[in-house]
Amino acid sequence: MTDSINDAEMGDSIRLGFIPLLDAAPLIMAVEAGFFAEEGLEVSLHRQPSWASLRDRVGVGMLDGAQMLGPMALAINMGLGAPPCPVISPMVLSRNGNAITARRALYEQLAATGFDLSEPSEAARALARVVASSHEPIRLGIVYAWSSHYLQLLDWLASAGLSPGPGLELVTVPPPEMMTALAYGSVDLACVGEPWNSLMEYHGLGQILATGCQVWQNAPEKVLGVRRDWAEANPEKLRAMMRAVIRCCRWLDDPVNRELIHRILVHPNYLGSAIEPLGDQGQWLFHPRVHQHFFRQSANFPWLSQAEWLLSRMRLHTQGDQVSGVPDLGSIFRPDLYREVAESLSLDAPVMDYKDEGEHRQPFVVEGFRGQVEVASDALIAAAGRG
Amino acid sequence: MSADQSGVRVMLVDNEPERAAMVCEALTSEGYQVVGQRSSTRGLVAAVAQEEPDVVIIDMDSPDRDTLESMSALNEHAPRPVVFFASDDSDSYTIQQAVNAGVSAYIVDGLEQHRVKPIVDVAVARFEAFQSLRHQLEETRTALEDRKDIERAKGLVMKQQNCSEDEAFHSMRKLAMDRNQKLSDVARQLIEALDGGEGAGSPEAMDD
């Protein structure tokens with residue numbers, strides 16, 4: 001990475017960071033399929049080796065914005081783990097996309113308990129049974145603490161009254177090493193984003209036990225995060241960029257484009273040859289159980305109620321009082337900006353900023369400014385002893 | 001080197017052994033105690049418990065940073081990221097410079113900020129020096145390769161045109177000027193055309 005932080009060299013090009021995961025597709029394909037160009041934008045993409053370095057590069061202004069984890073968009077504003085940097089999140093890039101994959105040997109033990117593993121809370125109970133009878137600790141592999149997959153994992157465990165501890169050890173592993181860790185048994189359960197769960201299944205190393213969408217239905221997974229000072233200095237570019245990404249997200253949801261998406265993402269600059277098998281005959285790029293999607297049912301709308309929900313889970317699942325204070329969520333998630341841009345694309349959007357999170361087991365409709373808008377279900381797994 | 005720095009223990013995590021050696025030497029000569037050099041964060045929490053470093057310096061582009069930061073969110077004994085608060089301009093400059101150089105730093109037990117900064121500065125200086133060293137090496141290598149290609153193309157032109165070395169060189173230089181290209185690029189195109197064509201043609205002929 002040779003970016004300069006010199007303002008004079010900022011030029012017209014927008015610099016965006018991404019992590020090589022399937023949900024980087026909205027930014028990658030907006031470049032490769034020409035959505036940015038159609039808006040007259042020049043965008044350079046910068047692959048980052050870790051969420052920490054993505055955050056730091058946005059923090060010092062080497063990047064104008066990036067694909068961010070939902071919780072990270074809040075953490076970066078609150079200065080959790082790094083100096084605070086004002087970032088706005090005017091749209092969601094993807095919903096769902098994580099899963100918990102069990103090593104084959106563990107999966108067999110879980111199946112032998114007789115619990116219905118297709119039910120996530122039953123699967124968690126099966127795990128509790130195995131943990132209770134196991135002499136060795138069960139190791140849970142996670143990637144990053146300020147992420148939805150980690151918060152989902154803890155909610156899933158809580159549904160069976162479990163939490164990490166001596167019998168259930170948390171291990172952190174970078175995503176590309178998760179497959180090896182599962183293969184060699186240094187983790188028994190891998191909680192990670194796509195494409196890694198699909199790949200672990202493809203290589204016969206393990207089986208998906210529960211998916212993120214079974215824990216939090218259709219939660220915001222990755223969001224667009226943009227430095228607030230950049231957004232304020234470039235209001236037109238920001239809107240054009242959002243238009244391009246929204247149109248790209250609509251295009252990504254169309255199954256007709258899957259082959260082209262795969263052909264681009266497999267390039268070494270993006271996800272690389274690891275995802276080659278996902279283009280094989282009969283193998284899916286987007287795992288049917290994961291329900292990863294980018295546009296349908298108002299996927300891009302940044303609900304303030306979901307920012308609140310994320311913050312509450314971050315508070316619940318981190319050590320001590322790291323997550324203290326109440327940030328002004330309305331200045332981070334920006335449904336107002338989304339609505340304005342949607343309008344310019346003749347797309348409808350919800351008129352309200354909040355919905356009752358966890359109350360909808362089925363897709364439902366809310367008032368839009370043109371008519372009614374469909375919104376995806378949002379049921380949440382219940383902690384043991386509740387609901 | 002102020003006396004109060006001498007007891008500060010530093011752990012290095014870097015998968016570039018040469019760079020790690022440079023940083024290690026610089027820190028040692030400043031009187032710091034380097035208590036371990038590792039190429040990844042594997043086993044880092046245990047190493048931290050054993051070696052009790054005050055500061056961990058890690059290559060910013062190491063994928064292990066997420067591992068390290070997750071440890072610090074989950075484990076109270078794990079190193080925590082150095083947070084230079086934005087209120088002080090000189091510090092925000094340091095962090096920007098550190099990110100540019102590719103250095104990230106984590107503190108283990110609340111070492112005061114004014115004691116961390118000089119350590120980060122030493123690491124940043126060594127990382128920058130290593131970067132420019134690698135740059136120079138790269139340039140030297142390219143220059144060598146260019147010279148080799150030019151020599152080879154010259155030989156091919158001499159053979160083909162049946163001319164002297166000087167004449168071959170002049171015609172190549174003229175070609176480069178006419179095309180507004182670098183001499184080494186012209187040389188590589190000539191090698192491709194004069195040598196590559198021949199080489200690629202023959203097996204085909206044999207197949208027939």
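**Strands, sheet and domains**

Guide: Strand S3 (residues 65–69) and strand S10 (residues 220–227) of chain A run antiparallel and are joined by five bridges. Helices (H or I, at least four residues) and strands (E, at least two) are DSSP runs, numbered from the N terminus, and two strands pair if DSSP finds at least two bridges between them. This is a predicted model, in which local features need pLDDT of at least 70 and side-chain atom pairs count only at pLDDT 80 or more, while totals for chains, interfaces and linings use all residues. Residues are numbered from 1 along each chain as its sequence is written, and chains are lettered from A and ligands numbered from 1 in the order in which they are written.

Visitor: Which residue in S10(A) is the bridge partner of Gly65(A)?

Guide: The bridges in question join S3 to S10 of chain A. In S10(A), Gly65(A) has as its bridge partner Val226(A).

Visitor: Which strands of chain A stand at the edges of the open sheet, and why is one side of each left without a neighbour?

Guide: The open sheet has five strands with mixed pairing, in the order S2-S1-S3-S10-S4 (chain A). One side of each edge strand lacks a neighbour in the sheet because each has a single partner strand; these are strand S2 (43–47) and strand S4 (87–95) of chain A.

Visitor: How far apart do the C-alpha centres of domain 1 and domain 2 of chain A lie?

Guide: The domain bounds come from an automatic or database domain assignment. Domain 1 of chain A is 7–95 + 219–253 + 293–359, and domain 2 is 98–215. The distance between their C-alpha centres is 28 Å.
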